[in-house]
Each structure stands twice: as structure tokens, then as C-alpha cells.
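Subject: Structure handover

Hi,

Here is the structure I promised to pass on. Please open it alongside this email; my notes follow below.

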Amino acid sequence: MNDPAATGLGERFHRLIRNTGPISLTHFMGESNAHYYNGRDPIGSPGDFVTAPEISQMFGELIGLWLADMWIRAGRDEPVHYVELGPGRGTLAKDALRTAARYGLEPRVHFVESSQALKDVQLLAVPGAIWHDDLSTVPTEGPVLIVANEFLDALPVRQLVRMENGWRERMVGLADDQLAFVAGGQSMDAAVPVEWRDAEVGTILETSPASAAIMFEVAGRLNDQGGAALFIDYGHAEMTPGSTLQAVREHRKVDPFAAPGEADLTALVDFATMARIAQSRGVRHLGTVTQGDWLRALGIETRAKNLADTAPQYREEIEIAMKRLTHPRQMGELFKVMGLAAPNWHGGAGFPASEG
Ligand code: SAH
């Protein structure tokens with residue numbers, strides 16, 4: 001709370017708003033998260049939140065298996081690139097690459113990461129990786145195997161809100177000298193699909209321009225270079241109205257305005273829109289399924305049994321981890337796995353459109 005840098009960011013927002021008026025939520029969320037991730041490693045029980053690869057090695061292993069299967073079916077093209085967006089502590093990559101190597105898949109490793117603190121951790125986990133600020137510098141030769149777990153949810157969202165006098169952008173301003181949501185001054189009616197124009201006052205529509213841009217780029221790469229992608233995140237299958245913005249600190253939900261840059265800001269991923277963007281560039285949407293179903297289809301139960309047989313003293317831990325990852329009331333249902341593949345790539349274990 002009395003972190004001077006945090007005060008710095010909060011103060012910066014106050015000053016900016018006082019001088020130039022309310023800022024967009026995109027601006028607020030983008031800067032807050034850049035500050036948040038850049039200065040720390042937030043992942044794990046002493047941090048702010050725990051992610052699937054940190055719960056069990058089985059998560060990364062099954063992803064590695066999936067990627068190897070895709071690559072083998074496509075003819076084992078080389079060079080081949082493993083590209084992970086927002087790799088966190090590098091754990092997923094380490095587990096996935098170890099498994100993939102058993103099937104002869106030893107790709108070049110590219111990490112798209114903005115946080116200096118996390119790059120330092122990733123370097124220890126995967127020393128051979130090459131770091132990128134965005135996808136633009138990833139090589140354009142050879143297929144790409146793209147993985148992103150809890151990456152899209154960290155990208156800034158934009159919100160529109162229906163007021164008495166029509167649609168406005170939902171901005172961040174000041175009320176009683178505290179950060180607060182305020183309605184923007186300009187009419188946004190033209191930015192809202194016709195079927196939403198007359199929605200009830202208070203209705204919020206949320207979009208993620210940054211996620212859309214990334215999906216467009218990923219799809220372009222798959223199309224041009226061949227390859228496949230897995231996007232895993234918590235989200236909904238259809239675009240639904242309402243704000244899904246939330247702030248998490250020390251494993252608890254907090255007010256997003258309480259300490260800018262000190263809590264993880266996320267929003268649910270709109271997978272239907274993501275899939276539409278990918279398909280608009282000719283990429284195959286293999287499907288978007290729940291994490292529980294996908295991990296079971298990939299054989300998590302067998303993997304858990306094998307692990308427990310070799311290390312019986314960890315049997316209970318392994319079972320608890322599997323349950324956390326797959327149970328509908330834990331991560332099994334809220335989290336979704338979206339699979340994408342280049343037009344001429346076949347397979348896609350665990351997805352409905354896997355044949356062909
Ligand atoms: N995939 C990891 C980490 C998830 S947290 C895991 O499952 O554990 C989100 C990750 O995305 C972090 O590594 C964070 O630093 C990174 N990140 C967030 N916004 C980013 C951006 N705009 N560009 C690149 N990386 C970003």
C-alpha cells in the first residue's frame with residue numbers, strides 16, 4: 001500500500017485527469033497492468049494469483065503433447081517455432097518443451113513478454129528462449145506453435161455504457177477526488193451494433209481491442225507460415241453485456257481503483273469474437289471447449305495415475321491438482337481452451353473439429 005511507485009502511478013492518473021479530463025478505461029487498465037507486471041513476479045501462493053501451469057506439471061505436459069501431435073501430423077516441418085505470449089514464470093513452456101522433445105519436437109523458443117521482472121524468472125526456466133516485445137519480430141519462416149495461458153485476460157478492455165441520452169464511453173475520472181467511472185462526453189451510438197442501441201439504461205458493452213489485434217496477427221501468422229495455437233483463459237463462449245473487469249490482489253478481489261498498478265486487472269475473454277477474427281483470415285477454429293473437458297480428452301487422468309505410481313508419496317497432491325484443473329467448480333468450466341490451426345494443418349486432439 002505504501003509502495004512509492006504505486007502512489008506514483010495513482011498520483012499520475014490524478015494529475016492527468018485533473019489536467020486533461022477523464023481517461024479511457026483502456027488507458028487506465030493498460031498502464032496499471034504494465035506497471036503491475038513490470039515490477040514483480042505476482043504468480044504463486046506468496047503472490048497475488050495462481051495459474052494452471054503452477055498447479056501441476058501435467059498442464060504444460062499435455063499442451064506439449066498436443067503441439068507435438070499437431071506438428072507430426074503436419075509433416076514435421078523445420079525450422080519450427082514455439083511462441084508463448086505472456087509466459088509468466090516459464091513453467092508451462094518448460095513442461096511443454098520437455099514433453100514435446102520426447103516426440104522429436106525441439107522448436108526454437110520465443111517469448112513475447114513485457115515484464116522485466118518476469119523475463120528474469122523466465123530466463124532461469126528456459127535459458128534458450130528469445131524474447132520479443134510483440135509478435136512482429138518473431139521469424140516469418142517455418143510453422144509457429146503458439147501458446148497463451150491467461151494472457152488475453154490481462155489486456156486492456158474498452159467499455160461503452162448506455163445512459164439516458166444514448167451510449168457513451170465508460171471513462172475513468174474523479175469524483176470527490178477519488179478515481180471513479182464517469183461517462184464520456186461524446187455520443188458513441190454509432191459504435192454500438194443496431195440491436196443494442198435501445199438497451200436499458202446502465203447496460204455495459206465490453207470489448208478488447210488489444211486482444212482483437214493480437215488474434216488478427218496470430219491468424220495471419222498461422223495462415224502464412226502454418227502452425228497451430230492454443231488460447232487458454234477464463235471467459236465466456238458468447239459476447240454478453242456487462243462489465244467483467246476485476247482486480248485481484250493477494251488472492252482476493254479488490255476495488256480496481258484502490259491502488260492502481262498494485263493489483264492484477266483482468267476481464268473475461270470473449271472467445272466467440274476471437275474465433276470469428278481468426279476465421280476471417282482463413283484459419284481453422286478447431287473449437288473452444290472447457291479446460292476440464294480438454295484436459296480429460298488429452299488424458300490427464302492417465303497421466304495423473306502414472307505420476308502417482310512413480311511417486312506414490314505425492315498421490316494425494318497429484319489428485320488434488322488434477323481436481324483443481326478439471327473440476328467444474330474449480331478451474332474446469334470457467335476456463336476455456338480455444339484451438340486454432342492453419343488451413344492445411346490437421347488434427348487437434350480434444351476439439352470437436354479435430355478430424356480432417
Ligand atoms: N502464462 C503465465 C502468466 C499469466 S499472467 C501463466 O499461466 O502462469 C500474464 C502474463 O502476460 C505475464 O507474463 C505478463 O507479464 C504478460 N503480459 C501482460 N500484458 C502483456 C503485454 N501487453 N505484452 C506482453 N506480455 C504481457
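**The ligand site**

The ligand sits in the largest pocket. Please keep in mind that this is a predicted model.

Around the ligand there are 15 residues. The closest are Thr-51, Gly-86, Gly-88, Glu-113 and Asn-149. By type, this shell splits into 7 nonpolar, 6 polar and 2 charged residues.

- Thr-51: a polar atom of its side chain is 2.6 Å from an oxygen atom of the ligand.
- Gly-88: here the backbone takes part, with an N or O atom 3.1 Å from an oxygen atom of the ligand.
- Ser-114: an N or O atom of its side chain lies 3.4 Å from a nitrogen atom of the ligand.

How much of the ligand does the protein cover? On its own, the ligand has 570 Å² of accessible area, and the protein covers 89% of that.

Next, go to helix α4, which spans residues 57-73. Glu-61 lies in this helix. Is Glu-61 buried or exposed? Glu-61 counts as buried, because its relative accessibility is 3% and the cut-off for buried is under 20%.

The side chain of Glu-61 has polar contacts to look at. One goes to the side chain of Gln-57, at 2.6 Å. Another joins Glu-61 to the side chain of Arg-303, also at a distance of 2.6 Å.

**Backbone points to check**

The loop between α4 and β2 has two items for you. Strand β2 covers residues 81-85.

First item: Pro-79, which is found in that loop. The peptide bond from Glu-78 to Pro-79 is cis. Its omega is near -5 degrees.

Arg-76 is not a glycine, yet it has a positive phi of about 55 degrees. Its relative accessibility is 41%, so Arg-76 counts as partly exposed.

Asp-177 is not a glycine either, and its phi is positive, at about 65 degrees. Where does Asp-177 lie? Asp-177 is in the loop between β7 (166-175) and β8 (178-183). With a relative accessible area of 48%, Asp-177 is partly exposed.

**Residues linked across the sequence**

Some pairs are set apart along the chain, and I noted their C-alpha distances.

Leu-152 is in the loop between β5 (144-149) and β6 (158-163). Leu-152 counts as buried, at 3% relative accessibility. Leu-152 and Leu-268 are 116 residues apart along the chain, and their C-alpha atoms are separated by 8.5 Å.

Glu-217 lies in helix α7, residues 209-225. Its relative accessible area is 32%, so Glu-217 is partly exposed. How far is the C-alpha atom of Glu-217 from that of Ala-278? The separation is 8.9 Å, and the two residues are 61 residues apart along the chain.

Two further pairs come with their own figures.

Asn-19 lies in helix α1, residues 4-20. Asn-19 is exposed, because its relative accessible area is 62% and exposed means over 50%. From Asn-19 to Asp-293 the C-alpha distance is 51 Å. In sequence, Asn-19 and Asp-293 are 274 residues apart.

Glu-317 has its place in helix α11, residues 315-326. Glu-317 is exposed as well, with a relative accessible area of 53%. Glu-317 and Ile-72 are 33 Å apart in space, C-alpha to C-alpha. Along the sequence, Glu-317 and Ile-72 are 245 residues apart.

**Where to begin**

Then look at Glu-61 with Gln-57 and with Arg-303. Finish with the cis peptide bond from Glu-78 to Pro-79.

Best wishes

Terms used. Residues numbered from 1 in each chain as written. Predicted model: local features only at pLDDT ≥ 70, side-chain atom pairs only at ≥ 80, totals over all residues. Heavy atoms only, no water. Near = heavy atom within 4 Å. Polar contact = N/O pair within 3.5 Å; in protein donor to acceptor, adjacent residues only side chain to side chain. Areas by Shrake-Rupley, 256 points an atom, 1.4 Å probe, with all protein chains shown as cover. 1 Å grid on protein atoms, 1.4 Å probe; cavity = no way out; pocket = protein on both sides within 12 Å on 5 of 7 lines; lining within 4 Å. Sits in = over half its atoms within 2 Å of the grid points. Nonpolar A, V, L, I, M, F, W, Y, C, P; charged D, E, K, R; others polar. Helix = DSSP H or I, 4+ residues; strand = E, 2+ residues; numbered from the N terminus. Buried < 20%, exposed > 50% of the residue type's maximum accessible area, 1.4 Å probe, protein only.
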